[in-house]
Amino acid sequence: MAYIGWLLVSAVFYGFGIYAWTADKPVSFWNFTQQIQVNHVEKYNRAVAKLWISFAVLFDIIGLPVLAGQNSAWIVFLVLGTMAWAIALMAVYTGIEKKYRI
């Protein structure tokens, strides 16, 4: 049951990726109100979409220890992996933003 909840959260990240792939305006990452200025909107949006989708797949994989049971020691990997995942997500986006920002 917990893994189903984990997959629902992951589905939100897939949704962000699909939205970014189909958007006509540059998608924002840090907030939804401020518009970012980029030199190639389509390439920027595709890069952000690939980022969200690839990290959604990793998020699915990180959640696999939930299937081991409630009192499993594998949950430590889930917690540490999620923290590393979030830091890596921000670091990769910073590189994308540097590449395409005007």
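I'll start with the whole chain and then go to a single residue.

First off, keep in mind that this is a predicted model. What is the chain built from? It has 3 helices and 0 strands, and if you read along from the N terminus, the order is simply α-α-α. As for dimensions, the C-alpha trace spans about 50 × 20 × 20 Å along its principal axes.

Now, how do the parts of the chain meet? Take the contacts between residues at least 6 apart in sequence: 67% of those join residues at least 24 apart.

The chain exposes about 6700 Å², with carbon and sulfur atoms supplying 69% of that. On charge, we have 7 positive and 4 negative side chains, and the centres of those two sets sit 8 Å apart.

Okay, let's zoom in on S10. You'll find S10 in helix α1, which covers residues 2-22. Is S10 buried or exposed? Its relative accessible area is 0%, and the cut-off for buried is under 20%, so S10 counts as buried.

So who does S10 meet in there? If we skip its neighbours within four places in sequence, S10 is in contact with A56, F59 and D60.

Definitions and conventions. Residues are numbered from 1 along each chain as its sequence is written. This is a predicted model: local features need pLDDT of at least 70, side-chain atom pairs count only at pLDDT 80 or more; totals for chains, interfaces and linings use all residues. Side-chain values use heavy atoms; hydrogens and water are left out. Helices (H or I, at least four residues) and strands (E, at least two) are DSSP runs, numbered from the N terminus. Buried means under 20% relative accessible area, exposed over 50%, partly exposed in between (1.4 Å probe, protein chains only). Contact means heavy atoms within 4.5 Å. Accessible areas come from the Shrake-Rupley method with a 1.4 Å probe; for residues, only the protein chains shown count as cover. Lys and Arg count as positive and Asp and Glu as negative; His and the chain ends are not counted. The place of a charge is taken as NZ of Lys, CZ of Arg, CG of Asp or CD of Glu.
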